[in-house]
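Hello,

Here is the structure for you to look over. My notes follow below it.

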Amino acid sequence: MSSIISRIPSNPLARALFCRSLCTATETRTQKLERIADELLDLNKIERHDYVILLRYKMGLNRYGPAASAPGPSSAAAGASAAPAAAKEKTAFDVRLEKFDAAAKLKVIKEIRAFTDLGLKEAKDLVEKTPAVVKKGVTKEEAEKIMEKLKEVGATVVLE
């Protein structure tokens, strides 16, 4: 038993992961959760940050919410249900500005301001960080009108 204890890592996070497999059947769930909570509280700020990143990764989450396909046994079921959803016609589109002529920069900014509620500075920043999504979740007809106007002033636009 003492040889096992000497092999337990000194890092609290690694110790928690290592000890997880050594939990005995006599330890109740409440005791186990209290032990894990105590070990998490012993972590410093950097270790807590690393733990949160690791936990999100293991749960299949990214910075902006759930991943497109979460890892694990549910991914096979999700793949089967994704086929009927793909058969539906897409109703909401994103208009993405890919590039534009340098001479037409002002015209592009004016057109973007015409169909969005952005101010001059916000529209300019949006155009300067090209490629960028200009308008999200619009109908196909509206997206095509926006594309037409931007192409007239010298921009390359793509529907997503």
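**What was found**

Of the chain's contacts between residues at least 6 apart in sequence, 61% join residues at least 24 apart (contact: heavy atoms within 4.5 Å). The model is predicted: local features need pLDDT of at least 70, side-chain atom pairs count only at pLDDT 80 or more, and totals for chains, interfaces and linings use all residues. Residues are numbered from 1 along each chain as its sequence is written, and side-chain values use heavy atoms, with hydrogens and water left out.

The chain has eight helices and five strands (DSSP runs numbered from the N terminus: H or I, at least four residues, for helices; E, at least two, for strands). Their order along the sequence is α-α-α-α-β-β-α-β-α-α-β-α-β. Buried residues (under 20% relative accessible area, 1.4 Å probe, protein chains only) make up 19% of the 160 residues.

Now the helix pair. The axes of H6 (residues 105-115) and H8 (residues 140-152) come within 9 Å and cross at roughly 160° (lines fitted to C-alpha atoms over the stretch in contact; angles run from 0 to 180 degrees between N-to-C directions). H6 is therefore roughly antiparallel to H8 (over 145 degrees). Val 108, Glu 111, Ile 112 and Phe 115 of H6 meet Ile 146, Lys 149 and Leu 150 of H8.

Then Thr 116. Thr 116 sits in the loop between H6 and H7 (120-128). Thr 116 is buried, at 13% relative accessible area. Its side chain reaches the backbone oxygen of Ile 112 at 2.6 Å. Leaving aside residues up to four places away in sequence, Thr 116 touches Val 134 and Lys 135.

Best wishes

Terms used: Parallel < 35°, antiparallel > 145°, perpendicular 65-115°, else oblique. Buried < 20%, exposed > 50% of the residue type's maximum accessible area, 1.4 Å probe, protein only. Polar contact = N/O pair within 3.5 Å; in protein donor to acceptor, adjacent residues only side chain to side chain.
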